[in-house]
Amino acid sequence: MPEGQLAPLGENLTKEAKDFATELRALFGALHISLRRYAVRHHYDPATVSRYLNGTRIPPWPFVQELLYEVTEHRGARLQQEVFELIRRLHRAALQVSGKRQYVVQILQDQLTEADKEHKKAELREQALLEAVQLRQRRIAELEMEVLEVTSALRNEKAKRSELVIRIEEIGPAEDELARLRREVDELRDQLSSARQISEESEAKCADLEQRLAEAEEVARAGQEAREREQLEAALREAAEARSLADSLMEELTVLRQAKTEEARRKRTEATEEAKRRAREQIEKFTHEVISSSPEKLAITLLRVSTSGKDSELYQWTSTIGHSYPISLIGEMVKECSKILPSSTRSIIISFADTRTAQEAIQVVEEFGDIPMLGHGISLGEEVVTWFSWDRPWSDIDKLLRELRKSGRGELANLALRTAAENQNSRNFLKTVTSTEGDDRDTLIQYAGQYRTGEELIPLIAELYKSGQSMELTKLLDSVRSNRPSEYAQTMDKAKKLGLDLS
């Protein structure tokens, strides 16, 4: 294949993965650039981008968002809402049938995004309402001041008008009053001369009184200081009593605040417990509705929920069927879903395998194991064993292996070992290896080197190296070299860059 050219669509793709990959390739084609250039531009591994575009691996949603943004920017036109919704719906459908972990994570991310949007809207609305309240309170205060000012101005205006009327009425008698006053002025001038004489005599008398007053004040000052000292001591006593009263009131306020805080905490606790109780009742009611319905009715319900586009509600139905539906009806449930909505059968089996015991898984395998999983190319028994062994603790997987071997199902036992080796995260796989012994231990290590992807192989090598499992690390590398010789040198080179001395 020429460098940068898209690889053809992968073989044995589900309808959902094929539809999504076709739309993704159409978007990528609109950029008119090579695959390698796009991978370098966005810091992706070219091989990973190639697998995304040929449908063999479903990309995370941020990758799809980056591609949509790049296409929109390249075209210089706004992305149509219908196109965005189509891409998102195809991505969720492909993710749902590809595996439970990525789909569950994506659904939770979508729910978190929606919840965060609702939270921001609530905060903005709260802020807007607060500002509106403050604005109206300020306007009320302004209007109250304006009312006071207008009322005051009106009163002043009335007073001025009354005074003006009185003055106009008094203009007539004012002339007679003026003549009378002139006569009085003449009389007063005569009296002024006599008053000046009296004033001189009074001045002398005042000087004498001032002298006597100074002497009297000197005598009184000594008594005033004593009175002031008594008043100061009384004020100090009152201040001490006031401070004591304030301390007492502060203690009472502290007690009241603590009581209020405890009451609020109690109410919050009661509200939380009530919400939990209601949630439990709703879950129990929903579970009862599920387990009391026939397989035919449940299949029709799943189809209705799926066509409505409510992914979270569909996930709730399939999860509840998986972990609560009677074992004796699981086979019929899978048959009905395969006829009407094949994509939901895997979600049901994932939930079943994630929550049921090894004995329940064996019961389904023995009773319904040969039922084909339409659209998946495997039987119900293989599907149950695969998802049960995906990331369960080794103690559960070990119980499943014993029952499978006891019933003569060696191929399914090997499938369980391969699934655990291929999909368990590095730390869990290390715990699994240290918990096993003999042939199972060697088989797990061989399968890990043979089937784990390059991205998941390096962390496992690092875990074995750090934990001192040198013998197991050697067997793992031997398996890589034997089964994937073209990747062995690259794996050793990556380990060396991480500072792992594997020589």
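**Salt bridges and surroundings in a predicted model**

In this predicted model, the side chains of Arg-402 and Asp-398 meet in a salt bridge, with 3.1 Å from N to O. Both residues belong to helix H13, which covers residues 394-406, and they stand 4 residues apart, about one turn of the helix. Elsewhere, salt bridges that share partners join Glu-274, Arg-277, Arg-278 and Glu-281 into one network.

A pair of this kind is also found in helix H6 (residues 100-291), where Arg-265 and Glu-262 lie 3 residues apart, about one turn of the helix, and their side chains form a salt bridge of 2.9 Å, N to O. Here Arg-265 counts as partly exposed, at 37% relative accessibility, and Glu-262 is partly exposed as well, with a relative accessible area of 48%. Arg-139 forms a salt bridge with Glu-146, and the closest N and O atoms of that pair are 3.9 Å apart. The count for the model comes to 29 salt bridges.

Turning to other residues, Glu-472 sits in helix H18 (residues 470-483) and counts as buried because its relative accessibility is 9%. Leaving aside residues up to four places away in sequence, Glu-472 touches Val-433, Arg-441, Ile-445 and Leu-464.

Conventions:
Residues are numbered from 1 along each chain as its sequence is written. This is a predicted model: local features need pLDDT of at least 70, side-chain atom pairs count only at pLDDT 80 or more; totals for chains, interfaces and linings use all residues. Side-chain values use heavy atoms; hydrogens and water are left out. Helices (H or I, at least four residues) and strands (E, at least two) are DSSP runs, numbered from the N terminus. Buried means under 20% relative accessible area, exposed over 50%, partly exposed in between (1.4 Å probe, protein chains only). Contact means heavy atoms within 4.5 Å. A salt bridge is a side-chain nitrogen of Lys or Arg within 4 Å of a carboxyl oxygen of Asp or Glu.
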